[in-house]
Every structure is written in structure tokens, then in C-alpha cells.
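Let's take a friendly look at the salt bridges in this model. The sequence and structure come next.

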Amino acid sequence: AVGRTGQQGLLGGLFAAAMTLLVAPARADIPGRKISAVTALLPPRGSRGAGATLRVEAFGGCYQWSSQHPELVRVEEPRPLEPNSEALECMERKALECMDRGPVLGRELFGAKMDKPEVSCQPVAILRSVVDDVDETQKVVVFARDMSSPLVELRCEVYLTRVDHLEVETRVRHMKVDEVETLTAKAYDSNGNVFSSLEGMEFEWQVSDQSVLRAPSAVDSAFQLSPERHALAVDGNQSDTLLLHGLGTGRTSVTARLLGAAGGAVVSPTVELTVSENIFAMPSTVRVPPMAHLQLQLKVLRGPSRPLELYPEVALPVKHFSWDWRPVEGGADVLHVPSDTGSVVAQRLGRGRVAVNDLRIENNSAASLVDVVEPAQLRVRPLPLGNASGGDAEWEETQLRPSSVDRTLAPGGPISWHFVQGRKYLLRLEMLDTTSQAMHIPSNLRATMRCSASQGHEEPCPLRVVRQTPNSALMVVSAETLGTGTLTYGKVSVQADASDNARGFATVEWPSLGVEQTFHVVAPLRLQSPFPGPLVLPPTHSYRLRVSGGSGAYVFALAYAKPQSVCTVSPAGIVQAAGLVGSAELFVSDAKNTANNFTLQVLVRRAGGIVLRPPQLQLQLPGADAAEAA
């Protein structure tokens, strides 16, 4: 992977005269003949390892490979686990992108011809430097001859020279905890040319602080290694690539040493790497009323990727996390932010940027933008709770449901609500600003809620409050009795505490802010039927459904039918059977509240007989009472 990048540095100076394709005599009917490496630079084998290798591929023919000087550069067949071009490019980009890919077998790479030993077509060859050392640059030509066109041959010019110096190449200098990155050693000759490949050469990597970065075993990891690197890893040696796993916050240095290099040891300059926690402040943006108390959440993103809400919250305070803020609009006293808890007090109208900083490492922070705005509107949203009892566990789960923070609410909604008798509902209070954007309702907000029956003040409210939060933002109610009522929210204020008073701030009130909502408690929908069970009709017959309960306006829909045309239902609830037998399912709902509904099975069957009901009938004759009296 390093070799393909390094070949570009060989295009000047010494290698300017290299040729891609030699054809004698010249022919124009052989397009597509090419070789992946025209020139290459390899180091001598040295005293350790099996020598540097370079993968070269020829295209457009059936090739046989040979070396001009096999005592310097030897041509070998690929090993069974030689990766294909896609895998090589993947390893060149980043380790994590290759983690889930399985091994690439040689027969998948080379095609069916490689399964037959009698056929010597070799599209891929491995070039290995086998000489221990060279005093000066040596040139070796490697030929790929097309067996189907004897006059055509491709060639790669390989130059052997000593490594002059090393560098450690990395995509990033700043990693996150639990991230995985790869470092690669890059070698240069005395003229600054980049070596095409260091695969097969043995290295020693040094990480100064193993508590910050650790090099896991390359054999045990899912990272796909080339055969040469895999062979070194199996023997317990290190290759020209190093897999690093971020363990903890801190800074550490990494160096690479080429072992057994011809001409003496070669050591790279030190590379400094920083590892930090991936921290996130929630919510990232929030709108609050003046005097609101807000608790920001701090999350550390570790492990598999998932929604932010599912990451655990950091229990504050933590000594190495410090909070501060900077004004964006409105002045220096818009917000009050203690340095340790993540709590925020919105003191005046304006905007501020609250940041949490990791004191263990510089330039690692997360921020939340807090807008302090005037509330302009209240709104209440009902949410059916089904058969919930409103117990402690359900109440905790209800309060954790997504709130209206960080989303714009569309105006509108029903003029009145229709609750079903016997069911429970969650009422969620929502606050909007002058631009109809949702605001966070703080814990120190206070509002009154009054429920009254429309028949008169003496009548009890059709709803019963099961439980509610102190700020009335969440309330569980039970629809107890049939009737109509009104919910009224008002007397809205945000309460200042003693510490707010000590800083010169007081409770803020909005006397005119409120909302009034009409509701109806209706009976559950029921089918008025003289028979139990499903509706059974003969073909071509019809039946008008009679429904009670709800608002009085109903929606009839065919949810399922087999065959498709076995029956129909009209908006008035008339079920019409077709001239064939089958089954269907009807869905009947309240037009004002679709949660108030029932389903009805319809069976279209041919009659097998006629039975009169009841089987016996007694009738009293006229004048029978007078005759009995006489």
C-alpha cells in the first residue's frame, strides 16, 4: 500500500527514461497492455527479515515473469492470502474501514487459471529483494512476457539502494479514546526518493506511554494484513505498519526503527500523538425563558455508534471537567454558569455559548448554545398512555420521553379533545417564543392548572389528576366521567432561588400567558348488534352497522379482504357482500379520536339451511283473561 504512493517520487532524475511497454515490431491491435509499476525502488534485504517485497500486476494478456538478475531481485508467485487491489487500497486509507472484511483467497484474485498448475499465466508477481547489501544503486529489469503474443513484453525497472532515513506517516495526530488508527513507516534514499515498499522488512515500534496508546496484536485483530506482514506478526515481529488503539486521555510519542538495515540502524523522528475523550454537551442548542434553571448533560461517546440519547450521562461534578461560558448577544450577565456542575441560570435576555473543557488535555471541549427569550404562547399536547397505571416506574419512563426541546412545533391542532372514558393520558405543557419555536420548560417554572366541567362549577371535572411534576409541565390524568370540560393553565412564573436573589435577580412572572383547552370524555366505541361474534352475511346481502360511543361521527374502513372484492363498506357503515364467499376485517374509529376504535370480522358464507328462532312461541288469545276470571 505504501509502494503505490511512493512510486510517484521516482518519476524524476534517475528514472526519467523508464518505458512502460516494449513492442517489437510495433503493433496497434494490442490495446490494454499495461503494468502496475514501471519503476520501483526497494531496499536490500539486510541482516533480518526475508527482504522487501513489491506486488506488481500486469493487465491485458497471459504473462510469464522473469528477473534479469535473480540473485538481486527474485520473482515469486503470490501467497494464497495475497490481498486484491481493493483490499490494498482499503488498508492504505484506514484500518477501521477494513475491520469487517474477510480474507481474500488467491484463487478469487487470480481467477480459475491459477487453479490449474499446467497453465503458467500469472497476472500478479511478487518481487523480492534477496541481496544482503549493495554498495551503490543496482538496477534489475523484471520482464512480463505475454505468452499469447511472443513479441510483446512489459517490463519493470527495479532499483536497489540503501535506506537513508525514515518517517512515520499518519492520517491524524489527534485520536479519540476507543478509536483505531494505523501508522506507516515511509523510507527515503539519500536523494529523497521514496521506497516503493517496505513489506517484509522487520521494524521495532516504540510507544512511550502504553496507558494512552496500545498496539494490539495484529494477528488477533480483524485488520486484514498482507501475507508478508502477517508472516512477521505470526513470528512475533513488527512490520512497517502499526495498529494503535486509543486507551486514555493524554499525549505520547511514537518512533519506528528499521532492524538489520544495510549500512546500520535507521530510526525515524519522534511523532507526537494526542488522545482525548469524545465528549458531547446536550442539548446542543436550547431556548429558555429568563430566570430559567437548566442542567446540561455531559456524555462521553464510546463504543459502537448509536443515538446520542442512548449514551450514558456523566455524573457531575468531575474534577477534570470544567464549565465556562462566553456571551454571544446581550452582555456579560446573560448567563450564570458554575464551573463544576453543568448547571446554567438564564439571567437576562440574550445568547451565550456554554462550554465544558477537559482539563487533562488542551483543545478538547464541547459546547451548547443557550438562547434566553421571552415566552409568547402556551400549548398542551395529549398523549394516550393506554393501560398505564401511572405508577413510579411508568412515571419515570414518561418523563424520559423526548420533549419538545430542539424542534419547531407546527401551529394548529384540534379545537377540542375527545378522551375515552376509563383511559389515562399524559398532558405535556409546551412553551413557544414569538417565532413559534419550542422552548425548554425549566424545573423552576410554576403554572396553575384548573379543570372545570362545562355543565357548571358545581359539577366535578370529568378528568382526575393521577400525578404531575411540580412545574405542571407533565401531568397524568384519568378520564373518569362522561361529559365536557375545560383545562385552564395560567399564572406562569419562573422562580428565583436564594442564590439568584443574592446576585440581584428576582422571580419573573407572565400574568397574561396562559392557555384554555376544551375536552370531551366519551364512551368507548361499541357495536350495537343482536348477535355475538363476527358479522356473517350471505353473498349479495348487506347490513348497516350501528355504533355507539365516541363523538358520534365515525369512520368505516376495510382493513383486510380475501378475496379482494369479497365485500365493501360505505361511509355510512353499510357492509355489502359480493357474490362470492370470503373473509374481511373492518376498522371502525371515532372521527374525532382515532385511538377510540374497534375491529369487526366479516364472513361471507353461503347459507346451509334456514332455522326459525325461537323454536317455540307462546301467544295469548284475545279475551283469555276475562274467561279465566269467570
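## A buried pair

Arg287 and Asp371 are both buried, where buried means under 20% relative accessible area, exposed over 50%, and partly exposed in between (1.4 Å probe, protein chains only). Their side chains form a salt bridge, 3.8 Å from N to O; the term stands for a side-chain nitrogen of Lys or Arg within 4 Å of a carboxyl oxygen of Asp or Glu. Arg287 belongs to strand β20 (residues 285-288) and Asp371 to strand β27 (residues 365-372), so the contact ties together parts 84 residues apart in sequence. Helices (H or I, at least four residues) and strands (E, at least two) are DSSP runs, numbered from the N terminus.

## Two further pairs

Arg229 and Glu199 also meet in a salt bridge, at 3.6 Å from N to O. Arg229 sits in helix α4 (residues 227-234), while Glu199 is in the loop between β12 (180-188) and β13 (203-207), 30 residues apart. Arg229 is buried at 5% relative accessible area, and Glu199 is buried at 11%.

Glu157 pairs with Lys139, with the closest N and O atoms 3.5 Å apart. Glu157 is buried at 5%, whereas Lys139 is partly exposed at 38%.

## Network and total

Salt bridges link Arg74, Glu76, Arg128 and Glu228 in a network. The count of salt bridges is 27.

## About the model

This is a predicted model: local features need pLDDT of at least 70, side-chain atom pairs count only at pLDDT 80 or more, and totals for chains, interfaces and linings use all residues. Residues are numbered from 1 along each chain as its sequence is written, and side-chain values use heavy atoms, leaving out hydrogens and water.
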